[in-house]
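The sequence and structure come next.

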Amino acid sequence: MMQQLRRSPALMLGLAGLALFVVLGIIAPYIWGDRAETLTDQTHLAASAEHWFGTDALGRDIFARTMVATRLTLLMCLATTAIAAVGGIGFGAAIWVAGPRVRALGQRVIDVLISYPSVIFALVMVAVLGPGVGTSIVAIGLATCPAFARLTTNLAASIAGRDFVSTARLLGVSPARLLRRHILPNIAEPLLVLLSVAFTISLKALSGLSFLGVGVQAPDYDWGSVLNKGLEGIYLNPWPALGPSLVIILAGLAGGLIGDGLAAAVNPAAGRRRGYRAKVEAVTAVPSYDEDALAVADRLSVVLPDGTRLVDEVSFAIKPGEVLGLVGESGSGKSLTAMALAKLLPDDLRAVAGTLKVGDLDLNGKPPASRLATEIGIVYQDPSASFNPTLKLGGQLTEALRTHGRTSKKAAARQAVDQLAAARVTLPEQRLKQYPHELSGGMRQRAMIASALLTSPKLLIADEPTTALDVTVQAEVLGLLREANERDGTAILLISHDVGVISAICDRVVVMYAGRIVETLPIERLRAGDADHPYTQALLAATPTLHSPVDEPLSSIPGRPPHPASRPAGCAFAPRCPLARQQCHDELPLLAVHGTGATACHALTWDKQDEEVVA
Amino acid sequence: METLIASPKAPEPPEPSKAFTPKTVRSPWPRFLLGRLAGLAGVLVMLIVGTFLIVQLIPGDPAQVMAGPDASQAQVERIRQEQGLDQPLFTQFTDYAGGLLEGDLGTSFSSGLPVSEIIANRLPFTAQIALLAVVIALAVSVPLGMAVAVACRGGRRKALDTAFTSVTAVLGSIPEFVLATLLIMFFAIKLNMFPPSGAATLDSMVLPILALTIAPICTLARVVRRETAAVLSMDYMRTAKGRRLKALRLYARHALPNLMTSTLTLGGLVLTGLLGGAVIVEFVFAWPGLGTGVLDALVKRDYPVIQGVVLLLGVLATLLNLLVDVVLGLLDPRSLHGKAGDA
Amino acid sequence: MTDATTAGNAVLEVRDLDVAFGRHHVLKQVSLTVPQGRTLGLVGESGSGKSTLAKAVVGLVKPVGGRILLDGVDLTHTRRTVAVRRRVQMIPQDPYSSLNPRMTIGETLAEALDPRRASVKKHRPEIEALLNRVALDGEAAARYPQEFSGGQRQRIAVARALAVRPALIIADEVTSALDTSVQAEVLGVLRELRRELDLTMLFISHDLAVVRHVCDEVAVLQHGELVEVAARDELFTAPRHPYTRLLLDSVPDGGPLRTVA
C-alpha cells in the first residue's frame with residue numbers, strides 16, 4: 001500500500017498542495033493580518049503590484065483577506081469532515097451491528113437523506129439556527145453524514161458476508177472484536193478515500209453558503225464570503241472575484257487529486273499502468289499441419305502488452321467432425337488459446353501465430369465479420385453471466401442470424417424455437433420473450449448451445465461449458481454437445497479442467513501446462529491412464545474417480561505452476577517433476593510424436609538412450 | 001451402520017429435474033410501484049413534519065425571531081397569533097398539515113401574497129434550467145464517457161486517458177458559484193456575448209445552465225467511463241462480440257442499458273444535487289426562480305415561504321429519485337426486485 | 001461399520017429437521033447421525049439443502065422443526081454459549097475469503113486458540129504445532145494469507161478448525177474452488193488428520209468421486225429430502241434410490257459418456 005501511494009504522482013501533488021494550504025492557514029494571519037483588517041480610504045482599487053487582488057469597499061487588501069481566510073476555511077472544512085465521518089461511520093456501524101431489521105430500516109432512512117440536496121438542507125438549518133460559522137459546520141457536516149453511513153454499511157455488509165467473519169463468529173469472537181479486528185481494518189481504505197472526498201465537498205458547500213451570504217457572517221470571513229464581496233464590483237474590477245475563485249479552485253483540486261490518488265492506490269486495477277504494445281517478433285508461417293484439418297493453430301502465442309506470453313507457441317489442429325479436448329489447470333492458458341481461435345481475446349491481449357485459421361478463414365488477417373459470426377459457434381463457461389441481463393432471450397439468440405444471415409425476424413425466431421427444442425429447452429416459444437434471469441442455469445446453458453448452433457457453425461468452441469452446472473445437468477449438456485457433433489458433423493473444441501468431462505465426449509485430448517502444450521493423445525489412452533508426460537500422469541493420479549482405489553491417498557503434485565512472466569528456460573514442469581534432470585531445467589523439450597500421441601518431455605528420449613546403453 | 005440411517009424416505013422415482021419446470025412469468029411492476037408509492041407517502045410525511053419543525057425548532061421565541069430584532073412587543077404578539085404559535089403543538093401541526101392538503105402553503109410575511117402563488121410564479125424558472133441541465137448533463141456525459149472508455153479500453157491511448165482524467169478532475173472540482181463568477185467575467189463582461197443576469201431573453205439561460213452543468217457533466221462522464229469499462233469486461237459483452245456486431249450496435253444495444261443501470265444509481269445523486277446547485281446559480285445570475293426566492297425569504301425571515309419552497313424542493317428530489325428507479329426498472333427488470341420498499 | 005454403535009457415541013444427531021425460508025421449504029424431515037471418529041459425506045446438487053443443513057448445525061439458521069443434538073445435548077432452541085459454539089467448527093469453501101487478509105496466519109490461529117486476547121506470542125508453540133500438522137512450516141505464522149496458494153490457504157483453514165479441538169468439523173465444499181492437483185493435497189491432509197486425531201466430520205460436497213475418497217458413510221439429499229444414507233462401498237456399488245443412481249451415472253469418470261435416460 002505505501003509503495004503504491006508513493007508511486008502515485010497525483011496523490012503526491014495533492015498532498016503537497018494541501019500541505020501548502022495548511023502552512024498558509026497557520027502563518028497567514030501573522031503575516032497579512034493587519035493589511036486584511038485595516039480600513040483605508042483606498043477603496044475599490046484595481047489589482048496592482050501593491051494590491052495583487054485589489055481592495056474592497058472598505059479599502060482592505062483582498063489578497064491579504066484571501067490569505068487570512070485560509071485558516072477559518074480549512075478549520076471549518078476539518079470540523080465538517082470530522083462531523084460527517086464520525087457521525088456517518090458511527091451511524092453506519094451502529095445500524096450494521098444492531099441486526100437485520102434495524103439495518104433495513106436504517107438503510108432506507110439513509111437512502112432518503114442522501115437524496116436530499118445538501119445545499120437545501122443547509123438552508124433549512126440556517127433558517128432554524130440563523131447564519132454563522134457553527135450553523136454552517138453543523139449543517140454541511142450533517143448533510144454529508146448519510147454518504148459515510150451508506151458506504152460504511154455497504155462495506156461492512158460486503159466484508160461480513162465473507163467466510164472469515166462467519167468463521168470468527170464460530171470461534172467465539174465477540175461482535176465488538178469482530179468489528180475491530182475483522183471489519184474495520186478491511187474497510188479502512190475506502191473510508192479514507194471518502195474522507196478526502198468529503199473534505200472537498202465540504203469546501204465547496206461551506207464556501208457556497210458563505211457566498212450566498214448565509215454562511216460565515218461579518219466580521220468573520222472565509223473564502224466564500226470574500227468572493228461574495230468581490231462579485232459586487234465585478235464589472236469594474238474582476239480581481240476581487242477572480243483571486244478568491246482561483247484559491248478555491250486550487251484547494252478543491254488538491255483535495256480531488258488526493259481522493260483520486262488514494263482511490264487508485266486502494267484499487268490497484270484502476271491505477272494499473274502498463275506500457276502498451278511491447279514488440280513481439282512475428283512468426284513466419286511454416287505449413288506443417290495436415291492439409292485437411294478444419295482448424296489450425298501453428299505456434300500460437302497470446303501476449304500481454306509487456307511481452308509476457310500467457311500462451312507460448314502452441315500448435316494443434318482440429319480435424320473436421322472431431323471433438324478435441326483441451327485440458328489443463330487454472331493458469332495453463334487453455335481458455336486463452338480457445339479465445340484466440342475464436343478471435344475474442346480480451347482487449348489488452350494479442351495473438352501471434354504462424355498460422356491461425358478455421359476452415360478457409362485466416363484469423364491472422366481480417367476475416368469478414370459475418371463469416372466469423374456464423375462459422376464459429378461459442379459456448380461460454382458461466383451461463384448466468386454470458387447472456388445480456390437487460391435484453392430478452394429471443395433477440396440475443398437470433399441476433400447473429402438476423403445480422404449476418406439475412407434472415408427475417410420471424411424466420412430467425414422460428415429457427416431459434418426449433419433449435420431450442422432440439423436442445424431440449426422446455427416451452428421454447430415462451431423462452432424467447434423471457435429475460436435470462438428467469439431461466440435456471442441448466443436451461444440457460446442449453447439456450448446458449450442452441451444459440452451457438454443456430455448459424456450451423458463449422459467449429460463449436462465450448463469453454464468450460466459445464467463447470468457452473470450440477471452433475472446431472474452436466475451430463476445432459478455434454479450429451480447435447482456430442483449429439484450436435486454426431487448429427488451435424490460439427491467439430492468441437494472442448495476446454496475443461498476436468499479430465500472426466502474431457503474423457504466423456506472427446507476423440508483426442510491436448511494437455512496444457514503453464515501456457516504450453518505438454519502432450520496430445522487419443523482419448524482411449526487418456527481413459528486407460530496411459531499417458532507419457534509426467535504432468536499428465538500426475539494429473540490423472542490426482543483425479544479421484546468412482547473406481548480408483550480408495551485405501552491409498554490420491555497423489556498430489558508438490559509446488560505450483562510458474563508464473564508466465566518467470567517461466568523457466570527449460571521445461572515448465574521440471575521444478576515439480578519427479579523425473580527431472582539438469583537437462584530439463586536447461587532445455588525446452590519440443591513436442592515430438594511418439595506412436596499415437598505427441599509429448600514434450602526429455603525423459604522419453606532418456607529411455608531410449610538408457611536402452612541403447614543396456615543393449 | 002444402522003445408527004446412521006435414521007429414516008430416509010422410501011425410494012421413489014426422482015422428481016423431474018427442477019430445470020424443466022418453467023418459472024411463471026409475473027410482472028414485478030405492480031409490487032414495485034405499490035411499494036414505492038407507500039415509500040413516497042412515508043417520505044412525504046417526513047418532509048411535512050420536517051418543514052413544520054423548522055419554525056418549532058428555532059431557539060428561543062420563534063415569534064420574536066420571525067418578527068426581527070427591532071419589532072415591538074405588540075408586533076411579536078401579532079405574529080404569534082397570526083402564525084398560531086400560541087396554540088398547542090399538535091393543533092399547530094394539524095392546522096399546518098390540513099392547510100397543505102387543501103393546497104394552502106400559508107401567506108408570505110413580506111409580500112402578503114399566498115406562498116402557493118409565489119411558488120407558482122417562480123417554479124417555472126427553476127424547472128426550466130433544472131430540467132434542461134439534467135437533459136444536457138446526461139446527453140453530454142453519457143456519450144463522452146462511453147467514447148473515452150471505448151477508445152481507451154485495454155490500456156489504449158494513454159494520452160487521451162490522462163487528458164480526460166485531468167480535465168474532468170479540474171472542471172469537476174470547480175464549485176458552481178466560482179464557475180458562475182468566471183463565466184460572467186469572461187462571456188458577459190469581457191466578450192459581451194450573453195447577459196450576465198436576469199431572465200429576460202432566451203440567451204440569458206446559457207450561462208446559468210453552463211454553470212450548473214459543467215461540474216455534473218465531468219463527474220458523470222467519469223462515472224460513465226468507469227462503468228463502461230466495467231461493462232466492457234463482462235462475459236455477456238464477449239458473447240455479443242462473438243456475434244461480430246457493428247460497433248454502434250454493440251455499444252448502444254448491449255453496453256448502454258447495462259451501463260445506465262449502474263450509472264443512474266450513482267447519477268441519481270448528481271441529478272438531485274443539481275437542485276441544490278440551482279439555488280446557488282440562480283443567486284449569481286439573479287434568476288427569478290425558487291432559489292433566489294428562498295434566499296430572499298431567509299434574509300427577510302419569511303418563514304412560510306421558506307417552508308413552502310423547502311417542502312417543494314424535497315418533493316422534487318424524491319420524485320426525481322423515483323423517476324431514476326423507474327428508468328432503471330425499464331432498463332433492467334432485475335433491479336425491481338428487492339427495491340420495492342425504498343423511496 | 002459395526003452394528004454395535006450405540007447412540008451414546010454419536011457426536012452429531014439430527015432428528016426430523018425442518019428448515020424453511022418463508023414459504024420455501026429447504027429441508028424436510030432430515031435425520032442423520034455422525035458417530036465419533038467417522039466422516040459422513042453429504043452429497044446433493046445445488047438447491048438440495050446441503051449447505052443449509054450445515055448452517056443449521058452451526059447455528060446460523062434457525063430450524064422450524066426437529067432437533068439437533070451435539071454429544072447428546074439438545075442445541076435446537078438454546079442460545080448457544082461461546083463454549084458450545086466452539087465445539088462445532090466449519091471449514092469454508094472459498095480459500096480466498098476464509099482468511100482475513102489483514103491478519104497474519106499466526107494472528108488468525110491465535111484468535112482461534114484464544115478469541116479474546118489472540119496473542120501470537122503466548123501461543124507460539126501451539127501455532128507452530130498446528131502448522132506442522134497441516135504440513136506447513138512454522139515460519140508461515142508471520143506471513144499474510146496473500147502469500148499462500150489456494151491449497152495452502154485451505155490447509156491453514158483446516159489448522160484453524162483444529163486449533164479449537166472441536167467435537168465436530170464441518171467441511172463445506174472445501175475443495176471445489178481448487179485445481180485437481182491441489183485438491184489432492186488438501187484431501188491428503190484431511191485423510192492424515194482423520195487417522196491421527198480421530199476426527200468426526202460432516203463432509204459436504206457435490207463431487208461424488210471426492211466424497212468416495214474421504215467418507216465412511218454417505219447421505220444423499222434431493223430437494224431438501226434425505227433419499228439415501230448408506231456405507232460408502234454400499235452406496236457406490238449398490239445404490240438403492242433411483243436418484244442416487246442418476247447421480248452416479250452422471251459422473252463423467254474417465255469413460256465415454258453414458259447417456260442418462
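In this predicted model, 47 residues of chain A are in contact with 50 residues of chain C; two residues are in contact if their C-beta atoms, placed from the backbone, lie within 7 Å.

**Chain A side facing chain C**
- Helices H7 (163-170), H8 (175-212), H18 (471-488), H19 (499-505) and H21 (534-542) of chain A each supply at least two residues of this side. Helices (H or I, at least four residues) and strands (E, at least two) are DSSP runs, numbered from the N terminus.
- H18(A) gives the largest share, eight residues.
- By residue class, the side comprises 22 nonpolar, 17 polar and eight charged residues. Ala, Val, Leu, Ile, Met, Phe, Trp, Tyr, Cys and Pro count as nonpolar, Asp, Glu, Lys and Arg as charged, and the others, Gly among them, as polar.

**Chain A side facing chain B**
- Here 73 residues of chain A are in contact with 70 residues of chain B.
- The chain A residues of this side are 43 nonpolar, 20 polar and ten charged.

**Ala514(A)**
- Ala514(A) sits in the loop between strand S10 (508-513) and strand S11 (516-522) of chain A.
- Ala514(A) counts as buried because it has 24 C-beta neighbours inside 10 Å; the cut-off for buried is 20 or more other C-beta atoms within 10 Å, with C-beta atoms placed from the backbone.
- Leaving out residues up to four places away in sequence, Ala514(A) touches Ser332(A), Pro561(A), Pro562(A), Pro564(A), Arg567(A) and Ala572(A).
- Ala514(A) and Pro562(A) are 48 residues apart in sequence, with a C-alpha to C-alpha distance of 6.7 Å.

**Conventions**
- Residues are numbered from 1 along each chain as its sequence is written, and chains are lettered from A and ligands numbered from 1 in the order in which they are written.
- Local features need pLDDT of at least 70, side-chain atom pairs count only at pLDDT 80 or more, and totals for chains, interfaces and linings use all residues.

How values were computed: Buried ≥ 20, exposed ≤ 12 C-beta atoms within 10 Å, placed from the backbone.
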